[in-house]
Amino acid sequence: MTPLQKRARLLIWLRRIVQVFSLSLFVYLLLNAANEEAGTGSSFFFDIDPLVQISTILAAHKVTGMWLLALGTTLLTLLLGRVFCGWICPLGVVHNAVSWLRQRKAAFRLRAGAWSGWQRAKYCLLIGLLLLTLLGANWIGVFDPATMLTRSLSVGVLPGLYYFVDASSAAIYNSDPHIGPLHLTGISEPIYHLFRDRIFLGRQPVHPGGALILLVFIVAVALNLYRPRFWCRYVCPTGALLGLFARRPALRLTSINGDCNNCGLCTRVCPAAAEPERQDEHLAGECFGCWNCVEVCKKGSLDFRFAAPFSRGVSAVDIGKRRTIGSLLGGLGGLALFRISPRAQGLDHNPELIRPPGSLAEPDFLSRCVQCGLCMQACPTAVLQPTFDEAGLEGLWTPMLRPRPGYCEYECKRCSEVCPTGAIEDLLLEAKKQVKIGLASFDTTRCLPYAYGRECIVCEEHCPVPDKAIYFEEVEVPLRDGSTRLLKQPKVDPDLCIGCSICEAKCPFTDLAGIRVTSAGETRHPRNQPILPEASTDEWGY
Amino acid sequence: MPRQTRRTFLGGLAAAGGAVTLGSVGSLAQTDVADMSITRLSADKIEGVDLAAIADELTRKSIASLGGMQRFVKKGDEVWLKPNIGWNRAPELAANTNPDVVATLVGLCLEAGAKRVRVGDNPCHSARQTYRRSGIAKAVEAAGGEVVYLDEKRFKEYKLNGDRLDAWPLYKEIVDSDVLINVPVLKHHGLSKVSMAMKNLMGVISGQRSAWHQDLDLCLCDITNFLKPHLNVLDAVRALTANGPQGGNPSDVITPCVVAAGVDIVALDAFGAELMGHDPTTIKSVARGHAAGLGEIDYRKLTLKEMSI
């Protein structure tokens with residue numbers, strides 16, 4: 001082994017340590033989103049993600065958040081190439097690990113390591129998405145690695161993990177198998193409590209829309225078995241953006257002697273298909289800076305060396321005029337797809353689409369929200385769920401309230417605290433309590449005191465508004481046998497109701513509640529206001 | 001071990017031959033051990049009082065009047081304290097049991113030799129936030145108790161054989177504990193007018209408990225009859241007078257500065273109802289409980305010890 005190889009091996013191990021650390025930090029911050037006592041550091045990986053920051057600035061037409069951190073990532077890329085992809089990106093770490101799973105024969109590895117024209121696809125996607133974003137439709141989050149991993153973990157992977165731990169420990173608890181005085185619960189319960197109290201922080205994540213997101217994640221990860229780091233090579237628009245910055249980096253692969261015998265080992269180990277076999281003329285914008293090729297080269301022909309930044313020599317992926325034009329047209333087509341429905345144009349409102357309190361007006365909300373699902377991770381009652389078509393295609397996987405089992409906790413605003421882009425405005429708690437996200441209404445064909453002559457008013461009991469948005473009237477209700485029963489029939493005060501949905505969540509009807517909340521009257525939307533507030537009477541009685 | 005009931009406790013005490021002596025016997029009727037105690041702060045001292053300190057003192061005096069915690073908790077017992085931790089509300093809003101009352105009870109149980117004192121409820125709001133904002137989690141941990149979050153999958157169906165309910169899922173660890181101490185807060189409730197000790201037991205159940213509202217009083221009698229808490233401590237240091245059971249307006253909260261305790265849950269609730277300005281016979285759960293033989297609605301008939309401090 002040459003000294004060059006030894007040093008490369010050392011750097012590869014250093015890279016692996018950084019990668020494990022990065023993914024661990026990512027998961028830690030993600031779990032911390034649910035910890036209302038923790039600060040707002042959960043958005044760190046969005047702050048350093050230049051695509052998230054650029055898209056937020058473009059879509060919102062405002063410079064927001066931590067763009068300086070993202071600028072740091074950009075400068076790092078200009079200097080060192082796409083080391084973000086190779087060393088830091090937490091989704092990249094997952095792809096890296098899964099790529100490693102496949103035992104590869106030399107022939108496959110040679111084929112898998114070769115350049116493919118499809119690597120241009122990510123640049124086309126980036127162009128289309130950026131145009132969309134500029135026009136106010138932010139779909140970056142569907143593809144961005146930080147948002148994709150956050151979403152997949154919070155509504156897919158972690159709920160799945162929680163289910164395994166919860167169900168298995170409950171099964172052990174309920175059967176309580178024991179050998180003499182040794183109870184199996186002595187082992188299972190501490191593990192369960194560690195998971196519930198320290199890792200999942202006492203919230204039970206259940207997500208009706210999680211299956212599709214998990215499925216997409218599984219497919220994206222499984223594609224690594226077809227081509228190593230499939231997502232990073234062909235799809236990832238953030239990788240593409242960094243690839244544009246890394247077209248002529250300072251640190252670049254350099255041939256240091258003429259000993260290359262074209263053995264192809266470097267091609268086989270290149271996860272990025274950056275054509276290391278072309279040495280000085282490799283595709284710098286594709287290279288992850290992983291050092292695999294340096295380590296594997298028996299002739300010691302390759303090394304990463306500093307050159308003058310922006311100096312020529314390396315090759316670049318040629319996206320091409322036609323593809324660029326095609327991508328722009330694709331972006332316009334996407335916009336048409338998003339906007340042809342009356343809802344997208346604000347002409348009618350989806351009653352089911354209840355946004356978290358503090359959410360901006362729908363067009364602004366959609367331009368900011370990057371579909372990361374951090375709010376869903378943060379929500380203590382798991383009322384926040386990813387949309388499917390409720391907000392139109394444009395609003396895919398954005399957060400909405402689905403009452404039952406969750407509801408919006410009156411004394412909580414954790415979703416807005418963790419939102420990385422300000423799509424949910426972080427109001428003061430007292431202000432948040434005044435925000436109407438919807439309005440409750442009774443279905444008197446189901447509500448027990450109206451429809452079935454039974455006492456109930458569970459909704460009134462749970463209404464968290466201090467002066468009770470749900471009140472009741474005592475009414476003599478005739479029963480079938482001719483007698484009457486004095487019942488409390490609940491009503492909603494539209495001026496007080498904030499739409500928190502706990503009434504719907506706690507209604508004895510667990511299939512279709514007798515009181516349901518719709519988006520009517522939501523503060524953020526001036527056109528969704530069917531009811532004029534009651535005028536306060538003046539001293540003259542008017 | 002057979003379940004200890006109120007009667008076995010009293011029997012045990014009779015056998016002990018009145019070994020327990022009380023400092024003050026002023027208002028005691030016949031025996032030297034009261035079945036119910038009412039401890040209040042004199043009205044003229046209430047204004048500006050340190051409620052945390054007074055909650056502790058009222059609780060201690062109340063339990064002492066009953067013969068001390070050792071009357072209920074034996075060495076090595078596993079105790080479950082069931083406060084009302086129902087709502088994500090600060091202690092000042094009187095929606096949950098006063099954390100200082102709970103902490104003092106934890107301490108008394110441990111002093112009496114309890115092996116383990118667990119505190120838990122099945123809240124209506126997010127458990128984690130509710131335990132925290134109520135101040136109870138912190139207070140209990142500081143006092144040496146264990147804070148327990150109830151798990152939906154760890155409820156077990158029990159035969160209640162009640163008048164209204166045949167069977168219902170209850171929390172196994174609560175049913176299995178040696179001593180159950182029920183620690184409600186006195187507060188307004190839209191349906192039942194007042195929420196007190198019997199109503200507080202709804203925190204032990206799971207399942208479709210919202211359906212209980214359709215016949216709340218009989219359901220409460222059934223759960224009371226099944227669980228028979230060994231001791232009930234009614235926290236009226238603060239009381240919520242309107243917009244219950246969770247309130248939210250500081251102006252709806254009063255500070256009676258009273259702690260009452262007793263083995264007779266109906267008597268205690270009758271007293272609470274009076275304190276809230278109701279005739280106990282108009283509170284259905286109290287009247288029904290009396291009729292069902294769960295306790296005495298006329299709490300003055302019990303050996304009662306009232307004390308002002």
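Q: Ala, Val, Leu, Ile, Met, Phe, Trp, Tyr, Cys and Pro count as nonpolar, Asp, Glu, Lys and Arg as charged, and the others, Gly among them, as polar. By class, what residues does the lining of the largest cavity have?
A: This is a predicted model: local features need pLDDT of at least 70, side-chain atom pairs count only at pLDDT 80 or more, and totals for chains, interfaces and linings use all residues. Residues are numbered from 1 along each chain as written, chains are lettered from A and ligands numbered from 1 in written order, and side-chain values use heavy atoms, without hydrogens or water. The lining of the largest cavity has eight nonpolar, five polar and three charged residues.

Q: How much space lies in the largest cavity?
A: A cavity is a set of points on a 1 Å grid over the protein atoms alone where a 1.4 Å probe fits but cannot get out; lining residues have an atom within 4 Å of a point. Points join across faces, edges and corners, and volume is the space filled by probe spheres set on them. The model has 14 cavities of 30 Å³ or more. The space in the largest is about 130 Å³.

Q: Which residues lie nearest the centre of the largest cavity?
A: Its lining counts 16 residues. Nearest the centre are Cys260(A), Cys263(A), Gly264(A), Cys266(A) and Cys297(A).

Q: Which element gives the most to the lining of the second largest pocket?
A: Helices (H or I, at least four residues) and strands (E, at least two) are DSSP runs, numbered from the N terminus. Both chains supply elements to this lining, including helix H10 (145–175) of chain A and helix H4 (127–133) of chain B. The top contributor, with seven residues, is H11(A).

Q: How many residues of the lining of the second largest pocket are charged?
A: Nine of the lining residues are nonpolar and six are polar. The charged residues number 21.

Q: Which residues of H3(A) make the contact with H4(A)?
A: The axes of helix H3 (residues 50–60) and helix H4 (residues 67–80), both of chain A, come within 8 Å and cross at roughly 130 degrees. Contact means heavy atoms within 4.5 Å. H4(A) brings Trp67(A), Ala70(A), Thr73(A) and Thr74(A), and H3(A) brings Pro50(A), Gln53(A) and Ile57(A).

Conventions
1 Å grid on protein atoms, 1.4 Å probe; cavity = no way out; pocket = protein on both sides within 12 Å on 5 of 7 lines; lining within 4 Å. Axes fitted to C-alpha atoms, helices over the stretch in contact; angles between N-to-C directions.
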